[in-house]
Amino acid sequence: MSPMSTFPIQKSEFRILLFNGSVKPCKCAKITNSWTMSMDSRFSSTVNGNSDMKNNKKKKEELSVSMEVSISSIPKVEEGTLRSDGLRFDRLQPSDYELVRERRFEFGQFVARDAVLDEEYWTAAWLRAESHWENRTYERYVDIYKRKFAEQEFNAVKRRCKVQNGDSCACIIAVRKEQKNVKRSIIKSVVGTLDLNIRYLLQGETFPGERVKTPFSCSTNRTPPSRYGYIANLCVTKSARRQGIASNMMYFAVESAKSNGVRQVYVHVDRNNMPAQLLYQKMGFEMVETANSRLLLEKTYLLRLLM
C-alpha cells in the first residue's frame, strides 16, 4: 500500500439486540469526522518489492484520511418504552361506574381519589418529575433527566403503596371530572398528585425523624397515639393551577387519614415556598418548633395538623 492511500468506507448501520433476542436495524445521524495520521516511510512497502533498503533516513509523511459515516437519525425513545411492559398511554380514563367502590371527593370540575391503574401511577410520577425540574429547564439534557426521574419514581411509588409492617401509602391523584360525550386519556386527565403515608413513631420520637438516643435494636411504638399521617410529593400541573386542586387534594388526604384512625398529620415544606406555607397554614397546620430548630441545614419546615 502506498503511503498516501484512500480507505474505502462502507455505509454503516447499527443493530440493536432487543430483550426478546431479536435484532432490529437502527440507523443513526450523519456524522462527519476527519483526522491526520503520521506514517514512517520505513514501514511502508511497495507492491513490486523494489524498496530502497539503504535509505535509513526517517521520512514522515502525512496521510490524510477523511472518513464519512452515513447514518440516519438516532431513534427517539417513546414514552411507553421506558417503563415496564404493558402500559398504554392512549388508555381512556376509567368511568365513574368502573370506580364506584373507590373513595373519591368531587370539587368543581375535578375529582380526588386514589390512583388505581399503573398508567395513573406513571402519570403521577411524570408530574413529579416536571415539578422537580420546573425551574431548571435551561440545563442540558433536562428531558432525559425528567424521564429517568419519572421512571425511578414510578417504581418507588409502586413499592411504597404495598402495605409493609403496618405502614401504608396511598398515591392520591386529581383527575378531570367525567363529562358526557368527552373521552380523555389518562395522561391528559390526571392534573395533580400527592402521597399519603400512614406510619408509626419510633420509640422515643415525638415527631417524625427526631434524632433521639435509642437502643441499638430500636422498635416501633405501635400504639394509637404514635400513629401519624405524612403528606409528600404534592404537585399540580402548570395548566391546572389556581383552581383549588392542591387544597382539595390535601383535604381529601386529611379526611382519609382520619378514617384510618390518625389524629396528627405532618408535612415538610421548603422555607422559600411561601405559597405552599400559606396553603398549609390555611388548613390549620402549625410549625413544629422543636423540629425546625434542627432543620436549618435542610432548608425545610416541619408542619403538623392536630385533629
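Visitor: Before we start, what is a salt bridge here?

Guide: A salt bridge is a side-chain nitrogen of Lys or Arg lying within 4 Å of a carboxyl oxygen of Asp or Glu, and this structure, which is a predicted model, holds 14 salt bridges.

Visitor: OK, and what does the pLDDT look like over the chain?

Guide: The protein chain averages a pLDDT of 75, with 67% of the residues scoring at least 70. Over residues 1-24 the pLDDT stays under 50, and the model has 37 contacts beyond four places in sequence for them. Residues 26-83 also have a pLDDT below 50, with 85 contacts in the model beyond near neighbours in sequence. Where pLDDT is low, the predicted coordinates should not be read in detail.

Visitor: Back to the salt bridges, then. Which residue does Arg 128 pair with?

Guide: Arg 128 forms a salt bridge with Glu 153, and their closest N and O atoms are 2.7 Å apart. Because Arg 128 lies in helix H1 and Glu 153 in helix H2, the pair ties together parts that are 25 residues apart in sequence.

Visitor: Are those two buried or exposed?

Guide: Arg 128 is buried, at a relative accessible area of 5%, and Glu 153 also counts as buried, at 12% relative accessibility, since the cut-off for buried is under 20%. Arg 128 and Glu 153 are linked with Arg 160 and Asp 195 in a network of salt bridges.

Visitor: What about Asp 118, where's its partner?

Guide: The side chain of Asp 118 meets that of Lys 158 in a salt bridge, at 2.5 Å from N to O. This pair links distant parts of the chain, with Asp 118 in helix H1 and Lys 158 in helix H2, 40 residues apart. Asp 118 is partly exposed, with a relative accessible area of 29%, and Lys 158 is partly exposed with a relative accessible area of 29%.

Visitor: Tell me about H1 itself: what do its buried residues pack against?

Guide: Helix H1 covers residues 118-132 and reaches 21 Å from its first C-alpha to its last, close to the 21 Å expected. Its buried residues, among them Tyr 121, Trp 122 and Leu 127, pack against several elements, including helix H2, strand S7 and strand S9.

Visitor: And H2?

Guide: The buried residues of H2 include Val 142, Phe 154 and Val 157, and the buried residues of this helix pack against H1, S7, S8 and S9.

Visitor: New topic: which residues form the nonpolar patch on the surface?

Guide: Tyr 141, Ile 144 and Tyr 145 form that patch, with about 330 Å² of accessible area together. Tyr 141 sits in the loop between H1 and H2 and is partly exposed, at a relative accessible area of 48%.

Methods. Residues are numbered from 1 along each chain as its sequence is written. This is a predicted model: local features need pLDDT of at least 70, side-chain atom pairs count only at pLDDT 80 or more; totals for chains, interfaces and linings use all residues. Side-chain values use heavy atoms; hydrogens and water are left out. pLDDT is the predictor's confidence in each residue, from 0 to 100. Contact means heavy atoms within 4.5 Å. Helices (H or I, at least four residues) and strands (E, at least two) are DSSP runs, numbered from the N terminus. The expected span of a helix is 1.5 Å times one less than its number of residues. Buried means under 20% relative accessible area, exposed over 50%, partly exposed in between (1.4 Å probe, protein chains only). Patches are made of residues with over 30% relative accessible area and no salt bridge: like charges are joined within 9 Å, nonpolar side chains (Val, Leu, Ile, Met, Phe, Trp, Tyr) within 5 Å. Accessible areas come from the Shrake-Rupley method with a 1.4 Å probe; for residues, only the protein chains shown count as cover.
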